[in-house]
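User: I'd like to go through this one label by label. Can you tell me what lies behind each term as we go?

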Amino acid sequence: MPTSCHGALRELRAEVQFSLALAGNPNVGKSSIFNRLTGMGVATANYPGKTVEVQLAETRFGDRTIGIIDLPGTYALGGISEDQWVARQALLDGRPDVVILVLDATNLARNLYLGLQILDLGVPMVVALNIVDQAKARGIQVHTERLAEILGSPVVPTVATRGLGLDRLMARAVESASRPAPLPPRLRYSVDVETAIAKLEGALASRADLPYDLSPRAVALLLLEGDPEVGAWLAGAEGADDLVRLRDEMVGVLRDLRGEDAGLLLARERHGLAGLIAAEVERREPRRSLVADRLWRLTTAPLTGLPLLGLVLAGIFGFLFYVGDWLSTGLSAVWTAVASPVIRWPFHALFGDGLLSRTLLWGFDAGINAMLAVGIPYVLTFYVLLALLEDTGYLNAVAFLTDQVMHKMGLHGRAVIPLVAGAGCSVPAIMGTRVLGSMRERVIASTLVVLTPCSARTAVILGAVSLTAGWKPALAIYAITFTLALLTGIGMHRLMPGRGTGLVMEMFPFRRPGALAILKKTWYRFRDFTVVATPIVLGGSIILGGLYETGLLWKLAVPLRPIMEGWLGIPAVAGLTLIVAILRKELALQLLITLAMVQYGPQASSLLSFMRPDQIVVYALVNTIYVPCVATIAILGRELGWRRAALISTFTVVLALLVGGAARGVLALFHA
Amino acid sequence: MRLPHSSPLTDEVLEDCLQALYRLEGQGRPATAGEVAVFARITPAIASQALDNLQTRGLVQNGQPGCPSLTGDGRRQAAGILRRHRLSERLFADILGLPWDRVHDEAMRFEHALTPEAEARLATLLNNPETCPHGGPIPDLDGRLVPPASRPLDQVVAGTRVWVRQIVEEETTFLRYLASLGLLPGAELWVEEVAPFGGPLLVQVGDARYALGREVAAKILVREERSAPARQRIRSRRRGRHGAGPEDPVKGD
């Protein structure tokens, strides 16, 4: 579970001899380097109120213990977006001995912008010039010695996905950290900007209270840029009135001279400088575009993009269906045959065959079995696919293709990422809506996530409907849910005040995903899922077991009769399982069979012996739409506030009942 | 404009002052002696003298006190000077290959020496460019300033090379976010793909490709490059330290 960033960073510094931070643009292979350098003992930390995480790990190199801080991938450091803020803050709080800047050798100019900001902060830097293999394939050669000379920092070419150059990188990083800080490189902005910096620097030099022990030049630059935090420090600093005036004057002078806000002006000059450096150190052979690149463009081309997307979605669904089902059956069988008897024995020995023993076994036997039957097969499989989609860069193509549909719902293309994740489990998907800018977007996207059938609901649709009524009704349930989600999104966009923000997203070239990176990413996600889900599954199962074993469950069925039998037309016992399925959605089906066997006798092990196919369809439809499980409600409450969580939950119950009743009516027409 | 040699008011200084007034008026900023002095790189005292001198010649009028403005004649002359300045910049950048950030200073010297005949030949040699290397419009022979047509990026068809002129957005955070990606005024974009039915655009900036939603693209005003010689495109990537600043009116060009 994430811990506080301040504390975690301080702890890390106390424990290790030497610490380094990894910085870089998104998707430049930074996490590949992190994964290669570290083992499984990775902790995540976040700042209060912020959702972008920093990863921390310890590793050994030679005879030293080294702490590694993995900053979020960003294009810049600063206060304009959460990831940029967190990256800068962790860099300042963590005070690493050296920053490893991971550069994409195929896109040096844009990547160097971040490097210039790091140098401006006065932090020692070692450059990992990554993806040099792809740069070479594109006819780009980088003169590493010249780059090192210009930046005043060692430069090591690497291919992180294959682990090439990482030993040298670490050696250089350790070397830089143990050497006294090198002279800052002679990188200068235009005369106007340098004059303003020099004036502020001079005024700051006499102060002993500069924030984060930054150099006067670093503080001067941050003040000119309008950095909110350093600005706040200045406003609160003692005897700094002259400094405030000087800052305002310099910002004014720059605006007069260059007709532009100082922050934008600095951004412009940094880009200019980065472009100059890139032009100086790289040699490009004119080369026809790579076949791989041209093929990859087909994923976003209008004619081929959407059909490819259809194929990919069908592939995901098929893979989940076959592999998930195969794993689910296999693991369940193993559990029942091997683990279940072993677990039952101590309970029987301790508590006999009484109420307590049977109730606890609902949790520790059946509950864990359910985790194995759904959690690992469907969620784990889904996470492998999700990591694959992310690491190849295809998910961004999906975001590009769906932007327009998302726009109609007040979202933009990037919202598709949590929605896709929602097909695995709603809990991490709702956490994933953090990538969206505003609360309005998060509320809309979270509602859509809730309406997206997760793997537990998929298990019920596949297990109940496709086995009894065939694949067409199963597909119809998906189509109905999809349409409802779309209409809900459009409706919310119309009704909620405010407006959507636009899509601005980098499109990455195809990257061959590394097996290690995929497995680690899958593991971290699955671990988070397990931590959230396990107590709820165990607790929910035990409560359910208690209700069942004491017979209280049947009493609950009585008030439900009019709604279930009268409105939805399904047996009250089925309605009962719908209610308790709020504890664990996939349990609805299993419980239905169990309860039916109690009520109707052993022949009820087949659903069809006591429900018609149309009733099963209505049952699965309502189960799919109405309130997600308690874990989802909890995460909605935590992420969006309890009032919104209650509203979303109530909405889905009403929607499920309306759609269920309507479906009953329509199906009755077919029946008659 | 012949003056005794002892006076600091040379033709060059007077022409620079006219040019300064013209540029400042174009930006809608008050043309004070101080502002004029900054551009012409002279002391404010000499700038005041120069403005008085230009007033007696009927090129400048004193509308409000301390706020001189160009007369019709003055504007025509100033446009001619700006035309020679920007043509000279093109010469230095495109033909002589001087770095982007140096052409302004060179042109400040060179522009005064051009005779009308040389100016006409230069324009022909350069293939009658519409803008200076920084993107500023070049006045035509009659002194008319034809602003290059700009339009929102979302109205550009796929396969077009454009230059960002302006980003119409009130929020600084959004502006700065775009800036951190390299999307700022002066940046060169290649519109690679425009998704049909109001979908997003795919643009290339340098080596990076970005997807921009239509509503974002509508806020980015761009200018299409019509007569860009290949040389200039290459050089634009190696812009000087002053960065990509075509809309950098007083100092940068």
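**Labels and what backs them**

Analyst: Let's start at B:Pro8, which touches B:Val13 and B:Ile46, leaving out residues up to four places away in sequence. "Touches" or "in contact" has a plain cut-off: the two C-beta atoms, placed from the backbone, lie within 7 Å. Before going on, note that this is a predicted model, where local features need pLDDT of at least 70 and side-chain atom pairs count only at pLDDT 80 or more, while totals for chains, interfaces and linings use all residues. Residues are numbered from 1 along each chain as its sequence is written, and chains are lettered from A and ligands numbered from 1 in the order in which they are written.

User: What makes B:Pro8 count as exposed?

Analyst: The rule is a count of other C-beta atoms (placed from the backbone) within 10 Å of the residue's own: 20 or more is buried, 12 or fewer is exposed, and in between is partly exposed. B:Pro8 has 12 C-beta neighbours inside 10 Å, so it counts as exposed. Its place is in the segment before helix 1 (11-27) of chain B. Helices here are DSSP runs of H or I with at least four residues, strands are runs of E with at least two, and both are numbered from the N terminus.

User: And A:Leu37, why is that buried or exposed?

Analyst: A:Leu37 has 22 C-beta neighbours inside 10 Å, so it counts as buried. This residue lies in helix 2 (residues 30-37) of chain A. Leaving aside neighbours within four places in sequence, A:Leu37 is in contact with A:Thr59, A:Ile68 and A:Leu166.

User: What makes you say helix 19 of chain A is largely enclosed by the rest of the structure?

Analyst: Of its 13 residues, 11 are buried, so that's the conclusion. Among the buried ones are A:Glu441, A:Arg442, A:Val443 and A:Ile444.

User: How do you know that the span of helix 19 of chain A is close to what's expected?

Analyst: The expected span is 1.5 Å times one less than the number of residues. Helix 19 (residues 439-451) of chain A has 13 residues and reaches 18 Å from first C-alpha to last, close to the 18 Å expected.

User: What is called a nonpolar core, and which residues touch the most other members of the largest one?

Analyst: A core is a set of buried Ala, Val, Leu, Ile, Met, Phe, Trp, Tyr and Cys residues joined through C-beta atoms within 7 Å. The largest has 231 residues, and A:Val99, A:Ile100, A:Leu101, A:Leu103, A:Ala620 and B:Tyr210 touch the most other members. Helix 15 (residues 355-392) of chain A gives the most to this core, with 16 residues. There is also a second, separate core of 26 residues, including B:Val13 and B:Leu18. As background, nonpolar side chains in soluble globular proteins tend to be buried together.

User: What does A:Ile100 touch?

Analyst: Not counting residues up to four places away in sequence, A:Ile100 touches A:Leu20, A:Leu22, A:Val126, A:Ala128, A:Leu169 and A:Ala173.

User: How many residues does each chain bring to the A-B contact?

Analyst: Chain A brings 40 residues and chain B brings 42 residues. Helix 12 of chain A gives the most to the chain A side, with 11 residues. That side divides into 19 nonpolar, 15 polar and six charged. For those classes, Ala, Val, Leu, Ile, Met, Phe, Trp, Tyr, Cys and Pro are nonpolar, Asp, Glu, Lys and Arg are charged, and the others, Gly among them, are polar.

User: What makes strand 11 of chain A and strand 7 of chain B a pair?

Analyst: Pairing takes at least two DSSP bridges between the strands. Four bridges join strand 11 of chain A to strand 7 (residues 208-212) of chain B, and the two run antiparallel. In strand 7 of chain B, B:Ala211 is the bridge partner of A:Met505.

User: Why is A:Arg95 called partly exposed, and what is its phi?

Analyst: A:Arg95 has 15 other C-beta atoms within 10 Å, so it is partly exposed. Its phi is positive, about 40 degrees, although A:Arg95 is not a glycine. Most residues other than glycine have a negative phi. A:Arg95 is found in the loop between helix 3 (82-94) and strand 6 (98-104) of chain A.

User: And B:Asn127, exposed or buried?

Analyst: B:Asn127 has 10 C-beta neighbours inside 10 Å, so it counts as exposed. Phi of B:Asn127 is near 70 degrees, again a positive value in a residue other than glycine.
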